[in-house]
Amino acid sequence: MTTTALSVQKQLRQKGNPKLANAQLSFYQTQLGGYGEGDKFLGIRVPESRKIAQQNSTLPIPQILKLAASKFHEERFVALVILLLQFKKATTKQEQKVLFDVYLKLVKSGKVVNNWDLVDATAPIFGTYLIADPKADKFLLELLKSKSMWVQRVAMLMTFAFIRDGDNRLTLILAEKLLNHPHDLMHKASGWMLREAGKRNIRDLREFLGNHSSNMPRTMLRYSIEKLPERERHKWMTTKP
């Protein structure tokens, strides 16, 4: 039997838990004015969603797009994970490009990749597509100009691929651009990536802190220095302009 968006939805809705769904509304800040305003949940834990994605990993792209259009968060999550699984299995650059372009379309739509977990589960892997691209800097900086915080977060999280490849440069560039961002979720993303950069090359992190610790948002600073020795953390937290 051919797998369709509808058959995946049936699997997911059989796993729904109304009590958990209600708790998720608060956790993902779906209230009026919250960053996840209006989102709806079935009440399915991430491991179960990932299991269903794995079971349906050959879902054709048109059906992935149908699933990604769902009003339910978990159904969009599964659509994105299936797309990611296909990207990871792709054996040619052209196959990767097709899947990367679909992902980018979903990101830019503003209706699919619209919460931090959806970004964080996908952007670091799709970012690997850009590693050998000489225009990666320009591409990510253009994403960063978006008015959508989620598109901006995708840009920052894509630099994780470069960090893992031994290159912290783009992370440092984007983090500097985000120093004055108004939202705490972007401060967390930047601080997280700076911390990861520091794990690979502590000198890069210390140089960034030396230049910016006194004017970094406190959340970004705390996240970035989390793995440093206590005495050094205190030093950076108390540095004055």
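Reader: How many residues of domain 1 are in contact with residues of domain 2?
Author: In this predicted model, the domain assignment gives domain 1 as residues 1-130 and domain 2 as residues 133-240. Contact means heavy atoms within 4.5 Å. On the side of domain 2, 19 residues take part, and the number from domain 1 is 19.

Reader: How far apart do the C-alpha centres of domain 1 and domain 2 lie?
Author: The two parts compared are residues 1-130 and residues 133-240. Between their C-alpha centres the distance is 26 Å.

Reader: Which residue forms a salt bridge with Asp120?
Author: Side chains of opposite charge can pair when their charged atoms come close. For Asp120, the closest N and O atoms of the pair are 2.8 Å apart, and the partner is Arg153.

Reader: Which helices does the salt bridge between Glu75 and Arg13 tie together?
Author: The whole structure has twelve salt bridges. In the pair of Glu75 and Arg13, the closest N and O atoms are 2.7 Å apart. Glu75 lies in residues 73-89 and Arg13 in residues 5-14, so the pair ties together parts 62 residues apart in sequence, namely helix H5 and helix H1.

Reader: Which helix gives the largest share of the lining of the largest pocket?
Author: The largest pocket has a volume of about 160 Å³. Its lining includes Tyr35, Arg153, Leu185 and Trp192, and draws at least three residues from each of domain 1 and domain 2. The largest share is four residues, and they come from helix H12.

Reader: How many charged residues are in the lining of the largest pocket?
Author: Among the lining residues are Arg153, Lys188 and Arg195. By class, six residues are nonpolar and none is polar, while the number of charged residues is three.

Note on methods
Residues numbered from 1 in each chain as written. Predicted model: local features only at pLDDT ≥ 70, side-chain atom pairs only at ≥ 80, totals over all residues. Heavy atoms only, no water. 1 Å grid on protein atoms, 1.4 Å probe; cavity = no way out; pocket = protein on both sides within 12 Å on 5 of 7 lines; lining within 4 Å. Points joined across faces, edges and corners; volume = space filled by probe spheres on them. Helix = DSSP H or I, 4+ residues; strand = E, 2+ residues; numbered from the N terminus. Nonpolar A, V, L, I, M, F, W, Y, C, P; charged D, E, K, R; others polar. Domains from an automatic or database assignment. Salt bridge = Lys/Arg side-chain N within 4 Å of Asp/Glu carboxyl O.
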